[in-house]
Amino acid sequence: MMNKKLIDRLQILSISLIWLLFTGIAVWILNLIKESLRLHDAPDASLGISLVAIPVFFTLSSVLTYVFIGLRKGRRKGVES
């Protein structure tokens, strides 16, 4: 059986990595737009991707964080009662 603190740390690490991944993707897409403007290229594809991808990734990470926090609260209530 795994240690409870180890499981908590792994869960917090996974949430942190999810936010780091999705923030990195958003920064990468914004960098693509910046580079297309700098190179006087058409930023249409980058703008189209960013309008869809950035809200989707942040919604997914928010939902995962909400589920994670909800599971932790449920676990604490189960321990207290």
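Let me begin with F58, which counts as partly exposed in this predicted model, because its relative accessibility is 27%, a value that falls between the 20% limit for buried and the 50% limit for exposed.

Now, what does F58 pair with? A search of the whole structure finds two aromatic pairs, and in one of them F58 is joined with W19 in a tilted arrangement, with 5.9 Å from centre to centre and 40° between the planes. If you look for these residues on the model, you will find W19 in helix 1 and F58 in helix 2, which covers residues 44-80, so the pair ties together parts that are 39 residues apart in sequence. As for W19 itself, its relative accessible area is 29%, and therefore this residue, too, is described as partly exposed.

Let me stay with helix 1 and turn to D8, which is also found there. Is D8 buried or exposed? With a relative accessible area of 16%, D8 is buried, because buried means under 20%. If we leave aside the neighbours within four places in sequence, D8 is in contact with R72 and R75.

Finally, please look at K5, which lies in helix 1 as well, the helix that runs over residues 4-38. Here the relative accessibility is 56%, so K5 counts as exposed, since the limit for that word is over 50%. How far apart are the C-alpha atoms of K5 and L47? These two residues are 42 residues apart along the chain, and their C-alpha atoms are separated by 43 Å.

Note on methods
Residues are numbered from 1 along each chain as its sequence is written. This is a predicted model: local features need pLDDT of at least 70, side-chain atom pairs count only at pLDDT 80 or more; totals for chains, interfaces and linings use all residues. Side-chain values use heavy atoms; hydrogens and water are left out. Helices (H or I, at least four residues) and strands (E, at least two) are DSSP runs, numbered from the N terminus. Buried means under 20% relative accessible area, exposed over 50%, partly exposed in between (1.4 Å probe, protein chains only). Contact means heavy atoms within 4.5 Å. Rings of Phe, Tyr and Trp (its six-membered ring) pair if their centres lie within 6.5 Å; planes under 30 degrees apart count as stacked, over 60 as edge-to-face and the rest as tilted.
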